[in-house]
Amino acid sequence: MEFEKINIELLLPQRSPFIMLDALTHFDEVVTRTRMKVQEGNIFVENDTFTESGIIENIAQTCAARMGYINKYLHADKVKIGFIGSIKDLIINELPKIDNELKTTIEVLSEVFAITLVKAKVEVGDKLIATCEMKISLTDMSNGE
């Protein structure tokens, strides 16, 4: 499947202006990748810089895109709402600027019931700008679509 042709909004419970992804670029059982160009006017941009909160939300939405893809395309179900359960070992080496393209990769470390633990990395070009582990709790609630 050509992942980048999927409208990212079909995979996420979030709605504009709170969408922090442009496209799903890769999906398999363990690894999911997304991309996002930092735009002027993004709610997480301050002084032409994408904030720490924006990076965290970008990682969380990469997790959401993974689960949205699984629910919508593999299970023919609705996109479910998830919540950040915890963030561990967050390291932000650099904050991206407007027009930087983020490449975010999550790797599933474990899944138990509705809880998924991932290792995440965010890159701009070949530069690693952020890493963390994130625990996401998936609910039975959907975005109503």
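I take contact to mean heavy atoms within 4.5 Å. Axes are lines fitted to C-alpha atoms, for helices over the stretch in contact, and angles run from 0 to 180 degrees between N-to-C directions. Helices (H or I, at least four residues) and strands (E, at least two) are DSSP runs, numbered from the N terminus.

This is a predicted model, where local features need pLDDT of at least 70, side-chain atom pairs count only at pLDDT 80 or more, and totals for chains, interfaces and linings use all residues. Residues are numbered from 1 along each chain as its sequence is written, and side-chain values use heavy atoms, with hydrogens and water left out.

I found an open sheet of six strands in the order 1-2-6-7-8-5, paired antiparallel; two strands pair if DSSP finds at least two bridges between them. Strand 1 (23–27) and strand 5 (80–92) are the edges, each with a single partner strand, so one side of each has no neighbour in the sheet. Strand 2 (residues 31–37) pairs with strand 6 (residues 101–112) over seven bridges, and K37 stands opposite E101.

Helix. Helix 1 lies across strands 1, 2, 5, 6, 7 and 8, at about 60° to strand 6. T62 lies in helix 1 (residues 52–74) and touches L21, T32, T34, T104 and I106, not counting residues up to four places away in sequence. T62 is buried, at 0% relative accessible area; buried means under 20% (1.4 Å probe, protein chains only).

Cysteines. I searched the whole structure and found zero disulfides, a disulfide being a pair of cysteine sulfur atoms within 2.5 Å. The sulfur of C63 is 8.1 Å from its closest cysteine sulfur, in C132, too far for a bond. C63 is buried at 6%, and C132 is buried at 4%.

How values were computed: Buried < 20%, exposed > 50% of the residue type's maximum accessible area, 1.4 Å probe, protein only.
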